[in-house]
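Thanks for coming, everyone. Let me put the structure up, and then we'll walk through it.

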Amino acid sequence: MRDNLMERTLHSIARRMKEDFQRAGGFQHKGGKGVSREGIFHAFAEDYLPGHVRAFRNAEIISVGGQMSAQCDTVICDRSTPPLLDMDGYRIVPNECVYGLVEVKSFLDRDGLLKDCEKIRKAKALPKTAYQRNLGSQRRQAPEDFKPFPTVGMIFAFDSIAPETLGSHFAEWCSERDRSECPDAIWLLGKGYFGWLSPDQEALRPSLPGTNLHLVDPVPDGDIIYPLAVYMNAAFASAWMPPFNLMDYASSGLGVSRKRWAEEENGDDGVDSDQHSVQRSLR
């Protein structure tokens with residue numbers, strides 16, 4: 001097998017992540033341990049995501065209608081994302097700017113799997129509508145047939161129960177849901193990963209109708225960091241969005257006009273005291 005510098009580099013990263021994971025076990029406080037291990041994954045994601053996206057830790061996702069996701073370990077967003085709240089490492093981000101989320105587990109068992117599957121399902125179901133449209137001569141706008149980038153949902157675990165057993169639980173959960181609601185991949189450090197493959201191409205795909213769930217053993221050395229890095233780059237390389245319209249989130253409007261100074265026309269003295277609502281969107 002030819003020497004591959006990228007593979008060797010990522011295998012060394014996998015070994016370092018395992019070592020960092022073990023050191024994080026020294027935290028006595030359960031919450032501190034979890035935060036530390038989420039940080040290990042987050043540091044990896046920041047280095048290997050495409051440059052036009054970024055990763056936020058400890059974020060909730062909100063839609064125009066006020067629907068909220070649960071708190072997510074890592075949310076992958078467009079770099080133009082305006083944080084609606086950024087306080088002490090905790091963020092709320094608008095769903096239109098979200099491209100994906102990753103839940104990080106120290107140890108993944110059946111209960112944790114089902115909890116994260118449901119969290120991902122709900123996040124994927126949030127609507128994306130607040131984009132600037134019909135802006136006349138402006139070049140960057142949402143075309144009439146624009147479809148938002150579907151949210152990619154993944155799980156990353158430092159350890160787990162037997163992969164075959166976990167796969168059976170995962171397949172059972174997915175069998176009762178629409179395929180588009182399911183996590184797109186599950187990564188088990190040192191053990192393998194679950195992904196959706198198209199029957200005719202043997203290529204990883206998002207969780208879509210017509211794909212089959214596979215448990216994959218990466219080679220060599222059995223770690224999943226190399227395929228994970230490649231997958232993340234491929235999954236988000238084509239992610240894009242038209243200009244985000246934050247004004248759509250101002251559901252109560254931007255205020256009420258108290259007085260208007262209009263241009264003089266037909267003898268008008270230019271002053272109008274009628275009240276007018278300030279529209280919340282640019283049209």
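At what angle do the axes of helix H3 and helix H4 cross? Roughly 35 degrees, and the axes come within 10 Å. Axes here are lines fitted to C-alpha atoms, for helices over the stretch in contact, with angles from 0 to 180 degrees between N-to-C directions. H3 is residues 110-125, and H4 is residues 163-175.

First, the ground rules. This is a predicted model: local features need pLDDT of at least 70, side-chain atom pairs count only at pLDDT 80 or more, and totals for chains, interfaces and linings use all residues. Residues are numbered from 1 along each chain as its sequence is written, and side-chain values use heavy atoms, with hydrogens and water left out.

Now the overall picture. The protein chain has five helices and 14 strands. Those are DSSP runs, numbered from the N terminus: helices are H or I, at least four residues, and strands are E, at least two. Of the 283 residues, 45% are buried. Buried means under 20% relative accessible area, exposed over 50%, partly exposed in between, with a 1.4 Å probe and protein chains only.

Back to the helix pair. The crossing of H3 and H4 is right-handed, that is, the near helix is turned clockwise from the far one by less than a right angle. Who makes the contact (heavy atoms within 4.5 Å)? From H3, Arg110, Leu113, Leu114, Cys117, Glu118 and Arg121. From H4, Leu166, His169, Phe170 and Trp173.

Stay with H3. This helix has 16 residues and reaches 23 Å from its first C-alpha to its last. The expected value is 22 Å at 1.5 Å a residue, counting one less than the number of residues. Which residues of H3 are buried? Gly112, Leu113, Asp116, Cys117, Lys119, Ile120, Ala123 and Lys124. They cover an arc of only 165 degrees around the axis, so they sit on the same side of H3. That arc is taken from the directions from the helix axis to the C-beta atoms. On the other side, Asp111, Lys115 and Ala125 are exposed. The cover over the buried residues of H3 includes strands S1, S5, S6 and S7, along with H4.

One stop in S1. Asn58 lies in that strand. Its phi is near 50 degrees, a positive value in a residue other than glycine. Buried or exposed? Asn58 counts as buried, because its relative accessibility is 17%.

Last, helix H5, residues 225-237. Its buried residues include Ile225, Leu228 and Phe236.

Note on methods:
Contact means heavy atoms within 4.5 Å.
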